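Please keep the sequence and the three-dimensional view at hand while reading.

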Amino acid sequence: MAEEERFLQLVREHQRIIHRLVGLYAADKDERKDLEQETLMQCWKAWPGFRGDAKFSTWLYRICLNTILTQKRRPQVVQRHDGLDQLPSASDDPSHRQDDSERLHRAMRQLSETDRAMLSMHLEGFDHAEIAEVIGITANNVGVKLHRIKNRLAELLQAH
Amino acid sequence: MDLQRAYQGMDTAPGELETMLDGVVHGRYPSDHPMTKLHRALRINLVWTVVITVGLLALLFIIPEPLVLGLFGVLLLFCLWAIVDGMRLLRSFDVAVSSSNSVLVEMQRQHDMICRWMRVQERVALGVYPFSIAGGFTWGGMAGSGLDALSFLRTPAVGVVLAICILVLVPLCYFVTRWLSKLVFGRHLSALQQRIGELRA
């Protein structure tokens with residue numbers, strides 16, 4: 001019971017990670033619900049193996065990505081929004097910050113699925129070594145790929 | 001644009017996660033993961049193979065004809081092999097998504113597991129169908145004509161018809177098995193392969 005409480009508490013504290021990550025991959029609202037449910041189930045199944053020697057957020061990220069990227073999913077309709085560049089740029093105005101988040105969300109969804117995974121970890125604040133460990137490639141490779149992904153993201157944010 | 005701040009601002013509403021948590025820890029939701037489905041399919045296959053094997057065993061005591069007995073005997077051996085192979089595959093099957101494997105290793109593991117399952121299905125199709133067709137055809141012919149197996153098979157055209165049945169039905173069943181596997185897992189396998197390729201590039 002104490003273990004269950006601990007699990008629930010940690011997931012509640014980190015639920016935005018799951019929510020944000022699933023939002024980057026799900027094709028629609030129904031798939032989002034299915035993916036969130038499946039991710040939570042896989043986390044609960046894997047919970048006895050969590051020893052606490054790694055950060056919970058790293059452990060959670062690994063299971064989320066392993067679940068999302070190995071789940072059979074509906075084909076995603078790539079949404080190309082005209083006028084992304086016409087949205088206001090970042091400022092301290094909360095409504096503009098919301099616009100920036102939406103622009104970023106749309107742009108990220110046009111990246112490949114693995115690029116999305118690495119960029120989301122990077123933006124979540126993980127360093128190259130942590131990303132490398134979760135993804136399964138070298139830290140140098142992560143650096144090279146992130147450089148390329150950021151260039152592509154800049155193109156997506158500006159060129160539409 | 002401050003990317004990190006924009007990222008933190010994405011999807012701030014927690015959605016239905018909170019309401020799902022209780023159902024998840026109390027096992028109220030069925031898993032929809034391909035590994036779970038594959039595991040379920042493998043268990044169902046095993047149960048059917050056991051049922052068919054028991055049925056074949058019973059037939060061996062009923063059929064007096066040595067030729068049909070021989071054909072069904074070979075079929076029985078294939079069924080027994082399929083049971084052993086299926087159980088071995090089932091034991092090596094980890095349904096849960098790994099919390100220790102990297103994304104690349106986990107995708108490769110699941111890709112390999114699905115391919116292995118498909119190969120088992122194809123091999124069973126190739127091993128089982130020729131003998132079940134030959135045995136069933138001969139047994140049915142004997143029952144219909146009232147002849148013994150050898151006399152029935154010596155009837156003009158019967159051998160040719162049997163050969164045509166085997167030559168047409170075995171590849172047909174094999175390709176239907178492959179097609180069904182690809183229909184269920186083909187797109188998923190391609191997606192996994194593509195993601196693995198992207199990470200390795």
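**Chain A**

The structure is a predicted model. Chain A contains seven helices and zero strands, and its pattern along the sequence reads α-α-α-α-α-α-α. Of its 160 residues, 37% count as buried. Where contacts in chain A link residues at least 6 apart in sequence, 63% of them join residues at least 24 apart.

α1(A) and α5(A) pack with their axes 11 Å apart and at an angle of about 150°. An angle over 145 degrees counts as roughly antiparallel, and α1(A) and α5(A) are therefore roughly antiparallel to each other. Their crossing is right-handed. On the side of α1(A), the residues that take part are I17(A), L21(A), L24(A) and Y25(A); they meet E113(A), R116(A), S120(A) and E124(A) of α5(A). By class, the residues of this contact divide into four nonpolar, one polar and three charged.

Just after α6(A) comes G136(A), which takes a positive phi of about 100°.

**The contact between the chains**

How many residues of each chain are in contact with the other chain? The contact involves 50 residues of chain A and 41 residues of chain B. On the chain A side, the elements that give two or more residues are α1, α2, α3, α4, α5 and α6. Of these, α2(A) gives the most, with eleven residues. The classes of the chain A residues that touch chain B are set out below.

| Class of residue | Residues on the side of chain A that touches chain B |
|---|---|
| Nonpolar | 20 residues |
| Polar | 17 residues |

**Helix α3 of chain B**

Helix α3 of chain B runs over residues 34-62 and has 29 residues. From its first C-alpha to its last it reaches 42 Å, close to the 42 Å expected at 1.5 Å a residue. The buried residues of α3(B) are P34(B), M35(B), L38(B) and T49(B). What do these buried residues pack against? Their partners are α3 of chain A, together with α4, α5 and α7 of chain B.

I133(B) belongs to helix α5 of chain B. Is I133(B) buried or exposed? A residue is buried if 20 or more other C-beta atoms lie within 10 Å of its own. I133(B) has 20 C-beta neighbours inside 10 Å and therefore counts as buried. Leaving aside neighbours within four places in sequence, I133(B) is in contact with C165(B), I166(B), L169(B) and V170(B). I133(B) and R123(B) are ten residues apart in sequence, and their C-alpha atoms are 16 Å apart in space.

A157(B) is found in the loop between α6 and α7 of chain B. Although A157(B) is not a glycine, it has a positive phi of about 80°. A157(B) counts as exposed because it has 8 C-beta neighbours inside 10 Å.

Methods. Residues numbered from 1 in each chain as written. Chains lettered and ligands numbered in written order. Predicted model: local features only at pLDDT ≥ 70, side-chain atom pairs only at ≥ 80, totals over all residues. Contact = placed C-beta atoms within 7 Å. Helix = DSSP H or I, 4+ residues; strand = E, 2+ residues; numbered from the N terminus. Nonpolar A, V, L, I, M, F, W, Y, C, P; charged D, E, K, R; others polar. Expected span 1.5 Å × (residues − 1). Buried ≥ 20, exposed ≤ 12 C-beta atoms within 10 Å, placed from the backbone. Axes fitted to C-alpha atoms, helices over the stretch in contact; angles between N-to-C directions. Parallel < 35°, antiparallel > 145°, perpendicular 65-115°, else oblique. Left-handed = near helix turned anticlockwise from the far one by under 90°.
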